[in-house]
Every structure is written in C-alpha cells, then in structure tokens.
Amino acid sequence: MKKIIFLFKVAKPRFTKFWTDRPKFYPGFTLIEIMVVIVILGILATLIIPRFMGREEEARRTMARVQMESIETALKLYKLDNGVYPSTEQGLQALIEPPTIGQVPRKWREGGYLEKSRVPKDPWDNDYIYLSPGVHGDLDLISYGADGEPGGEGNNKDINNWELE
C-alpha cells in the first residue's frame, strides 16, 4: 500500500506539469469546422427546399377544405338544436349571433356555434358562399378558389362541400 502512495506522489508533479505546460485552450470553432457545417446545410437545402416550393396553393386548398368541414359541423350542430339549417338569408352569420330574420331559432346556443365567434373567410380572403336549401343537398358551401369567381381550372377551381371526401 505504501508503494502505491509513493508512486502517486511521484507521478503527481509530472501530471500537473503536463497540464500546465500545454498551450491554453481557445474556445470557438475553426474555419474548417464552420465550412463543413455550411456545406452540409447547403446540401440539405438543395434536397428539401424544392419539395416545399409550389405547395402554397395546395396548402390553401387544403385549408379551405378543413374550414368547410368545420363550418359544416357547426351547421349540423345548429340543426340539432333548432331542427333546421339557417336559411340562405340568415347566412353563416347565424352561427355567430341569433338570427332576427326568417325562422328565428328557439334553442340557439349561447356563445354561438363557431369557436372564434366569427365566420372564417376562405384562404384567399373571400367569403364562403352558403345556400340552404342547397342545389346538391340540404346545404351547399362553396369557395370560389384563388380567382374568387365561379368555375375555373387548376388553382382557380371551386371547392364545394359536396365534393369533399
């Protein structure tokens, strides 16, 4: 046991001398490390960015579908409470505040039927078109797409609730 302690005492000055004589540590990154990171980020950007480019219009169309499904759910809740859908004249505003024209609902839900207490606009900042009774069912909900006009092709194509999956 004494030999081990003696060896430790002898080795200790050499060990401390090794650490004190070495050059000081400089924090930070070397130029080569920074260049490697920039090259890796560049490679990732060239692979990923093209996948997201041109998807803005597709995202807007998907958002319109989701909003239409949400509005349709609120309209179904309105019908459950009142027995009928709001009329075309009452419009979607009947989901926010009790209608005063047409058939006035007896059991209108306090707080309305939409979460944010406002009727959302479509992603192109146009109002949704609401018809009740609808041409294609009990109600029709339409977004005229990017151009805001009936009909259209591609990005301008209308989005209709009866065509949703």
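Colleague: What should I keep in mind about the numbering and the kind of model?

Modeller: Residues are numbered from 1 along each chain as its sequence is written, and side-chain values use heavy atoms, with hydrogens and water left out. Because this is a predicted model, local features need pLDDT of at least 70 and side-chain atom pairs count only at pLDDT 80 or more, while totals for chains, interfaces and linings use all residues.

Colleague: Which residues of the largest nonpolar core touch the most other members?

Modeller: In soluble globular proteins, nonpolar side chains tend to be buried together. A nonpolar core is a set of buried Ala, Val, Leu, Ile, Met, Phe, Trp, Tyr and Cys residues joined through side-chain atoms within 4.5 Å, where buried means under 20% relative accessible area, exposed over 50% and partly exposed in between, with a 1.4 Å probe and protein chains only. Here the largest such core has 21 residues, of which Ile71, Leu75, Leu92, Leu95, Tyr128, Tyr130 and Leu141 touch the most other members. Helix H3, residues 56–82, gives the most to this core, with six residues; helices (H or I, at least four residues) and strands (E, at least two) are DSSP runs, numbered from the N terminus.

Colleague: With which residues is Leu95 in contact, leaving aside its neighbours within four places in sequence?

Modeller: Contact means heavy atoms within 4.5 Å. On that reading, and with those sequence neighbours left aside, Leu95 is in contact with Ile71, Ala74, Leu75, Tyr78, Trp108, Gly112, Tyr113 and Leu114.

Colleague: Is Ser143 buried or exposed?

Modeller: Ser143, which lies in strand E2 (residues 140–143), has a relative accessible area of 0%, and therefore it counts as buried. Leaving aside neighbours within four places in sequence, the residues in contact with Ser143 are Met68, Asp122, Trp124, Tyr128, Asp158 and Ile159.

Colleague: What is the phi of Ser117, and what is the phi of Asp125?

Modeller: Ser117 is not a glycine, yet its phi is positive, at about 55 degrees, and Asp125, also a residue other than glycine, has a positive phi near 65 degrees. Ser117 lies in the loop between H3 and E1, and Asp125 lies in the loop between H3 and E1 as well. Ser117 is partly exposed, because its relative accessible area is 45%, whereas Asp125 counts as exposed at 57% relative accessibility.
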